[in-house]
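Please look over the sequence and the structure shown below.

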Amino acid sequence: MFTHLHVASAYSLRYGTAFPGELVARAAGHEMDILALTDRDGMYGAVKHIQACADAGVRPVVGADFALSATEGEHAPSRGPAGEESAEQRITVLARNGGWRHLCRLTTDAHQAGRRGEPHVTRELVARHAEGLVVMLGPRSDVGRAVAARRDQHARVLLAAWRRAVPDLVVEVVDHYGHHESATAARMLALAKAMHVPAVLTNAVRHLDPGDYRVGDVLDAARKLVPLHPRHVEHSASHAYLKSGKEMVQAAARVCGGDSGRAARLLAETRRVAERCAFDPRDVLALRAEPERLHLPEVDGDAVALLRRRCEDGLAHRGLERSGQARERLADELRVIERKRLSGYFVAVSGITDLIRGMGVRCAIRGSGAGSLVNYLIRIGEVDPLDHGLLMERFLSEGRKGLPDIDIDVESARRLDCYQAILDRYGESRVACVSMMETYRARSAIRDVGAAMGLPPHETDLIAKAFPHIRARQIRAALSDLPELRGSGLDDRSLDTVFRLAERLDGLPRHIALHPCGVLVGNSGLRDLTPVERSMLDFPMSQFDKDDVEEAGLLKLDVLGVRMQSALAYALDEIKRVDDQDIDLEQDVPRDDPATYDMICTGHTIGCFQIESPGQRELVAKLEPRTMHDLIVDISLFRPGPVNSDMVTPYLEARHGWREPSYPHPRLRPALRETNGVVVFHEQVLRVVDVMTGCGLSEAERVRRALGDPASRERVRGWWEAAVLPEFDRETTDRAWQVLDAFGSFGFCKAHAAAFALPTYQSAWLKRHHPAAFLAGVLTHDPGMYPGRVILDEARKCGVAVLPLDVNGSGRHWLVERPPPAEPREATKVRESMETREAGNPLEIRGPQEAAETPEALEVVKPLATGDDRDVVEGFSEGYGLRVPFSAVKGISEAEVERMVAGQPYTSLADFWERARPSRPVAERIVQVGGFDALHGLHPGGLRWRPGELTRRDLIAQVGALERASATGVTSSRRRARRTGARGAAGATGTSTGAGAGGPPQAVQIPMSFTEHVEPGELPEMTEAEAVEAELEILGLDVSRHVIGFYDDLLDAIGVVRSDELLAVRGGAEILVAGVKVATQTPAVRSGQRVIFTTLDDSTGPIDLTFFESVQERCAATVFGSWMMVARGVVRRVGARAVSLRAVDCWNLAELDHLWRTEGLEAVRAVLGPGRGDQAGTGRGRRSRAAGARKARAEGDRAGVGGRPTEYGNGYRLSPYADIGPAPGVTTPPRKLWHASPGSSGPIGFIPRPDRCAGEGSAGRAAASESGRSRKGGR
Amino acid sequence: MSRIYGDPIEVWTRDGEPARFVWRDRLYVVHRVLDHWVTSREWWKISENDPGERRFWRVEASPGPATGTYELRFDTAAAGWLMLRAWD
């Protein structure tokens, strides 16, 4: 029976094309009882191969295929044809039965030897681990290359050296029917015979089927970064597939020249090697062994006693020592833990959380682990499971195999510090990070295929970006299904080959990366169990992914970096710095603060953890949470499962008393009362199953898991029928089953929700009571879904001033400022910037006199909230500001920020140039966004020409002059002058901003004796529009005023309703709204539609729009392709104080604006068409009836979004395009936002524009807006 | 000394191997297959249903008493045979 000993799977990155499971299934189909996997460069697929073998009843062999480099001391042979010498040399090693650890260690060493990503072995290295290995020298080995080059003597020398170094050595012959290949193989056989080295036959497999070689060719091109060309492909790769035994007998006959005796001997030797290497899968799959083997870290002393003692201490510490309930629960948990011999695991994890907290890093438990009292007592987590009725069984149960998952959230900015600390504590030999395979998806596949096919890179980029984050195999389906792609012109025949090939790459691994949270903590034997390589950041990283390590019985701890934790930590630091207040969020903050819940109930939750998305803002407004428990329910309800099983409505109805809670049976009342009879949590499923069958919670957890799998669902159903206790009647049994079945696997683990609810509440509390510090944290660590400009707007709404960049005031990150009252200019500045918003924007401006009276009132700007929001928002007002940081400036380097902060204060632009040493573009950008306004007393806006007064443009000119001066070497004398000058100025004024504030605009005090002279006021000042444009381009933020303000005239003319007026509009009315698009999502919804949720921001608040499939035909391209939009929608009230719109149409605001300016208001009105309200039901007016009918027919043919939704048992349908990241569309504002008003005639091209980052446009946008225009224009 | 031709020929096969062929109006009988190999073509330039292979056969064959060596090529795209080279 033939055995393939040299097989590459898809885990040979960008080389193999078949997954281990497919290969094993094919081998089993060929009736082979042993199969090897020898992936290139490592053991990435080894565990999956062994699993597949175990399932298919095939015995596995594992090996690896490594690049070979010349042994030190022997230089590579330099003679012979160049082509042969430059070809890469590779050898294959197989682990003999029991040689797993040798293979692991060799793999680890091979990765240590080379540069990262270029592992290689030498003969010496292989010899060091040869004890448990078989080494195969094939056609690509040094010996094989020498034979092919007909350098027989050299081949003999090499083979002899190998024979001395390695005890178990074989020669491998391969025949892929290539030119001369069988002749070379025959000479290889002769050499082996002459040297008394056994020979084996392999097929050097890299494909499953002959036709797959094309995918292989594309991968070769992608790996080598070359276009597809005959020069770069393997010409006989079509034979490198998993051949049957019969085909291999033919190959044996070919290489043996038809000598059947020799062929039989060759095949017999192949079989002998296979037998030597095959092993029992359970040797590696520790969880399948009986009893299962777990590889836990060593603990000093007796782990059982240690854990017991620490739990006792915990009872005292948490004030639970008198609680009988706690003691009983603890005894239960410890019994399970000790029976499963996991005490050491808990001790180790708590050691790690202590370590992390000891570093001052915020650390929270997440997931089911929060359900364990032990975790609470030994301070792994801060959630008391008894408080919330959480169950341990969801986390750890008798029947469950393997290790329980304990997941820890730490500050994202400190995650790697935590890894390093764990590494330092346990040592490199015991710790490794878990890896993950990044696989080909639509965009990456198109990029690689496009490059291989020689498409121009920018075109490939545009095509790739037009697609949402779908799987590669959906590419062509998406082209016909998605309205925004249908009109894009991408369905061109010439691209068909690209897409066809890209689809073939679907799911193939392409890159190994550090898993975002998994850390392996093992014992000193860890390196015998898993091969380890270096990650990009130089962490030791296992070649196994999270599933593999679990199968292998290794302890994995999830340490996830959570940006919100960093944001919270940052906020606390800022509160300490500015207000000198120490806040411990865990201890000091009451968890029932009414003000915080008031804020949440109004949906003012932008920036808060978990509850800031449009859908959640809608849900919290409806649900009106008042307690932690309400938040837990809210978080659990906002999941695809509950949403799609329609649990939300019954819950809300019962909660608000509109409906009596109903229970399937009185005895289920205790389990379901907390959620008014609706099943929301996994824990409730366990309780229901337990109550109705008496099976116990551990068994119930197994039942719950089985429910998620359609295959075992029927089995569970049978069990249920038999197991339900007789006291429950038929109807109750059926009703309960329906609930359980509908729930399936979709529900949410309450422990997880409880763990989430804590940071949710903490973030809301901080936002309510310390908005400036909190939003500084949010802006700095970007934890949420909204761009920074939305957060800034939220800050303004909270009464926090947004302060422009200031070289003397800005820091590395967003700083909270409490501007001292004695600084009128700063205040004026703020007021000025805010005054510009007064049109159509209700802002209360207090005068400077008032400001002088009360320091708090210095914060001159306070939003005058309208309608119901008034009470909530007013409470936020504080005398704080947020200062734009240096790091927000586009293109600035870490080192520049460092120098700029270190050098403060500065006395002038020249001083800044001299000491902070920015690059010229960065210096110019800082001037452009007003970084020197305070220092040099500039006032952008207003008069453009102000002779004698310095302007930003003057300063930009000065930057140029300074650079030229530095370049010509006049700096040294200037530097000396600058030093003394700087010290003098700083000493005189004392404060940073005071320097420029006091005197007249004497900024030209720059001694220009050696450089060119720039006359103040020689160049015109920037207009406000130009200033905002610069801010958006350089900072990505509109700091001085909201962009939408520039469109107010147009928006007023067409009657757009503002966000803060929405509450006053009656439900069902059709209105126009407008704003900057700040979020677009396509989450899974119950109907199986791909629904687009879009949030616009119009400076008075967010506007949430819903585009159903029926309107996407005309809207999708515009929604994805616009930065600013006007939309028509029908008002829908979703809660006491929240409104959402069902969109019926939309337009790109920039295009409308252009139309308005070039053709006038009538043209805009014509494009917008009369809404339904104006037309009283005659449909979409301007179009003629005939055209309408034609269009309706056309839409009927291919309306909306195509693709078959996946249907689940509970009636839940999932669109294939839901719940994926949408195409990036437009994320940067268009370069020219609005058209210069007639009076401003400044030289437009004057401001040097740094190159914009690529990606401003996209094919989707270009094509989409193109088609959008033509469509709209044609109406 | 070999000569290069490239003439289209008609070939009869047995068990996937060429057995007889007609070249320049003469019938050749294949005595022995000396070598056989396969190369893949630039499939990315051709149609999608074609495996894109060229199969080469070097055979000993004779139209009469004299035996020569001939190299034949089968192209899967064109489904046609060519006489590539002859040593006769």
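Axes are lines fitted to C-alpha atoms, for helices over the stretch in contact, and angles run from 0 to 180 degrees between N-to-C directions. Helices (H or I, at least four residues) and strands (E, at least two) are DSSP runs, numbered from the N terminus. This is a predicted model, in which local features need pLDDT of at least 70 and side-chain atom pairs count only at pLDDT 80 or more, while totals for chains, interfaces and linings use all residues. Residues are numbered from 1 along each chain as its sequence is written, and chains are lettered from A and ligands numbered from 1 in the order in which they are written.

**Helix 26 and helix 36 of chain A**

- The axes of helix 26 (residues 594-601) and helix 36 (residues 750-769) of chain A come within 9 Å and cross at roughly 95°, which makes helix 26 of chain A roughly perpendicular to helix 36 of chain A (the term covers angles of 65 to 115 degrees).
- Their contact (C-beta atoms, placed from the backbone, within 7 Å) is made by A:Ala595, A:Thr596, A:Met599 and A:Ile600 of helix 26 of chain A, together with A:Ala764, A:Trp765 and A:Arg768 of helix 36 of chain A.
- Within helix 26 of chain A, the buried residues (20 or more other C-beta atoms within 10 Å of their own) include A:Thr596, A:Tyr597, A:Met599, A:Ile600 and A:Cys601.
- Just after helix 26 of chain A, A:Gly603 takes a positive phi of about 75°.

**The six-stranded sheet of chain A**

- Six strands of chain A form an open sheet in the order 1-2-3-4-5-6, with mixed pairing (two strands pair if DSSP finds at least two bridges between them).
- Strand 1 (34-40) and strand 6 (199-201) of chain A each have a single partner strand and stand at the edges, so one side of each is left without a neighbour in the sheet.
- From one strand to the next, the twist averages 30°.
- Strand 4 (residues 133-137) and strand 5 (residues 169-173) of chain A pair in the parallel sense over three bridges, and A:Leu137 stands opposite A:Val171 in strand 5 of chain A.

**An annotated stretch of chain A**

- An unreviewed UniProt entry gives residues 3-70 of chain A the annotation "domain: Polymerase/histidinol phosphatase N-terminal".
- Over residues 3-70, chain A is 31% helix and 24% strand, with the end C-alpha atoms 30 Å apart.

**Where chain B touches chain A**

- The contact takes 11 residues from chain B and 18 residues from chain A.
- Strand 3 (residues 26-40) of chain B gives the most to the side of chain B that touches chain A, with five residues.

Note on methods
Two residues are in contact if their C-beta atoms, placed from the backbone, lie within 7 Å. A residue is buried if 20 or more other C-beta atoms lie within 10 Å of its own, exposed if 12 or fewer, and partly exposed in between; C-beta atoms are placed from the backbone. UniProt positions are given in the numbering used here, feature names are shortened, and annotations may be inferred rather than shown by experiment. Angles under 35 degrees count as roughly parallel, over 145 as roughly antiparallel, 65 to 115 as roughly perpendicular and the rest as oblique.
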